[in-house]
Amino acid sequence: MKFTKKLKMAATAGALLMSSMSFAQAINIGTNDLAIKGYDPVAYFTQNQAIEGSAKFTATHEGAIYRFSNASNRDLFKANADKYAPQFGGYCAMGVALNKKLDVDPSAFYIKDHKLYLNLNKDVQKKWVTDIPGHLKTADRIWRGIEDLTIAQANAEE
């Protein structure tokens, strides 16, 4: 009887772990569930630059922890997180257009129509800006198909 109960508890814990792991794949998070490598998502809009956030000012959104450079930015984010959170879960926007989930360089950013897009690096960003409307159309379509895939699944060669 005790073994069966322990087995059920282990199965439940495993299911919860797998559920949280698959959910987390939709958001590009690093160590300790940190989004955008600790950069302040609001600063991209208010100061038009990548600014590191502080562990003193944090907020969570969709399972990710965001850091902010000050309390005011944190409060703006809390009031409307979807407005400030990066598109495509914080994965490289050009990567998504290429059917991949790639990490980002927080300094390789672009704001279009009041939305934050991040890229793998500045060279990839140069490719992104050559046809933002076209890349966005492709990325929006592809994202619906890869959003809930693990990074390994999304990046697997066919």
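Q: Which residue takes a positive phi in the hairpin of E3 and E4?
A: Aspartate 113, with phi near 50°. Two residues lie between the strands. A strand here is a DSSP run of E with at least two residues, a helix one of H or I with at least four, numbered from the N terminus. This is a predicted model, where local features need pLDDT of at least 70, side-chain atom pairs count only at pLDDT 80 or more, and totals for chains, interfaces and linings use all residues. Residues are numbered from 1 along each chain as its sequence is written, and side-chain values use heavy atoms, without hydrogens and water.

Q: What makes E3 and E4 a pair?
A: Pairing takes at least two DSSP bridges between two strands. Five bridges join E3 (residues 105-112) to E4, and the strands run antiparallel. Phenylalanine 109 stands opposite leucine 118 in E4.

Q: Why is strand E4 called largely enclosed?
A: Buried means under 20% relative accessible area (exposed is over 50%, partly exposed in between; 1.4 Å probe, protein chains only). Four of the five residues of E4 (residues 115-119) are buried, so the rest of the structure largely encloses this strand. Across the protein, 37% of the 158 residues count as buried.

Q: What makes a space a pocket, and how much space lies in the largest pocket?
A: A pocket is an open set of points on a 1 Å grid over the protein atoms alone, where a 1.4 Å probe fits, with protein on both sides within 12 Å along at least five of seven lines; lining residues have an atom within 4 Å of a point. The largest pocket holds about 260 Å³. Of its 14 lining residues, the closest to the centre include Glu62 and Phe88.

Note on methods. Points joined across faces, edges and corners; volume = space filled by probe spheres on them.
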